Amino acid sequence: MKSLLLTLILTKKGLNVLDEEFEDDLYRKSLLIFGVYGIVTFIFDFDEQTNEKGFLLNLLEFGMSILFSIIIGLTFSYILYKVGKWIDGQSNFIEIFSLLAYAYFPIIIGLIIIGILKKIEYEINTFNNINLRNFILYLSWLFSIKIIFQGLIKFNKYGIKKAILNLSILIGFIIGLYFLLPNLIIE
């Protein structure tokens, strides 16, 4: 927990603590963080008023949400790792996997805050609008990008230009999936 909070607040110091941990511990913590992200996204998307599924289908969807977020984390980490190796990075896969998992932590916090705001929407209607929710989400994404960017520089031991290239290829891949997946599902 100490390394999560340090990475969120003091990123360079947190990355140093992250670098000193054992790889097995980092792998387990990273899987746990991605699993928590799957839990949070399931709860965030769950609507009890319109839910017509039974308990077992909800449980299956819950498990699939966790599994899907872990698989996405592994896939995006592998892409970051391979692109980093392609541009002469010095990191190993576990470092990149844990870096991406720790970068998900601000997004998890942002989703939890937005979920709380959605639940208490009627009490603080003047402060709770879509602009506030978007601001919280964008702020959490900025913190995540900052963590990934500084971690790529530290673990791959290269400069800012290569870190931007590495990160831009991942962002381009994510944007491409965003536009490609709805078209594949419809057809």
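Some ground rules come before the tour. Residues are numbered from 1 along each chain as its sequence is written, and side-chain values use heavy atoms, with hydrogens and water left out. Because the model is predicted, local features need pLDDT of at least 70 and side-chain atom pairs count only at pLDDT 80 or more, while totals for chains, interfaces and linings use all residues.

**The overall picture**

The protein chain has 7 helices and 0 strands. Here helices (H or I, at least four residues) and strands (E, at least two) are DSSP runs, numbered from the N terminus. Going along the sequence, you get the pattern α-α-α-α-α-α-α. Of the 187 residues in the protein chain, 37% are buried. Buried means under 20% relative accessible area, exposed means over 50%, and partly exposed sits in between (1.4 Å probe, protein chains only). Take the contacts in the protein chain with a separation of 6 or more: 70% of them come from residues 24 or more positions apart. Contact, by the way, means heavy atoms within 4.5 Å.

**Helix α4 and its neighbours**

Let's settle on α4, which covers residues 55–86. This helix has 32 residues and reaches 46 Å from its first C-alpha to its last, close to the 46 Å expected at 1.5 Å a residue. The expected span is 1.5 Å times one less than the number of residues in the helix. Its buried residues include Asn58, Ser65, Gly73, Phe76, Leu80 and Tyr81.

Two packed helices are described by the angle between their axes and the distance between the axes. Axes are lines fitted to C-alpha atoms, for helices over the stretch in contact, and angles run from 0 to 180 degrees between N-to-C directions. The axes of α3 and α4 come within 8 Å and cross at roughly 135°, which makes α3 oblique to α4. Angles under 35 degrees count as roughly parallel, over 145 as roughly antiparallel, 65 to 115 as roughly perpendicular and the rest as oblique. The α3 and α4 crossing is right-handed. A crossing is left-handed if the near helix is turned anticlockwise from the far one by less than a right angle, and right-handed if clockwise. Among the residues that meet here are Tyr27, Phe34, Tyr37 and Phe42 in α3, and Phe62, Ser65, Ile70 and Gly73 in α4.

On to α5: α4 and α5 pack at an angle of about 125°, with their axes 9 Å apart. The two helices are therefore oblique to each other, and α4 passes α5 in a right-handed crossing. Residues making this contact include Gly73, Phe76, Tyr78 and Tyr81 of α4, together with Phe93, Phe97 and Tyr104 of α5. α5 itself has 27 residues and reaches 39 Å from its first C-alpha to its last, close to the 39 Å expected at 1.5 Å a residue. It is mostly covered, with 19 of its 27 residues buried.

**Aromatic rings**

A search of the whole structure turns up 8 aromatic pairs. Rings of Phe, Tyr and Trp (its six-membered ring) pair if their centres lie within 6.5 Å; planes under 30 degrees apart count as stacked, over 60 as edge-to-face and the rest as tilted. Here are two of those pairs:

| Pair | Centre to centre | Angle between planes | Type |
|---|---|---|---|
| Tyr37 and Tyr104 | 4.8 Å | 80° | edge-to-face |
| Phe42 and Phe62 | 5.3 Å | 70° | edge-to-face |

Tyr37 lies in helix α3 (residues 23–45) and Tyr104 in helix α5 (residues 93–119), so their pair ties together parts that are 67 residues apart in sequence. Tyr104 counts as buried, at 12% relative accessibility. Phe42 is in α3 and Phe62 in α4, so that pair links parts 20 residues apart in sequence. Phe42 counts as buried at 13%, whereas Phe62 is partly exposed at 26%. There is also an aromatic cluster, formed by Tyr27, Phe34, Tyr37, Tyr78, Tyr81, Phe93, Phe97 and Tyr104.

**Two loop residues**

Asp88 sits in the loop between α4 and α5. Its phi is near 65°, a positive value in a residue other than glycine, and Asp88 is exposed at 51% relative accessible area. Lys157 also has a positive phi, about 55°, although it is not a glycine. Lys157 is found in the loop between α6 (130–156) and α7 (160–186), and it is exposed, with a relative accessible area of 61%.
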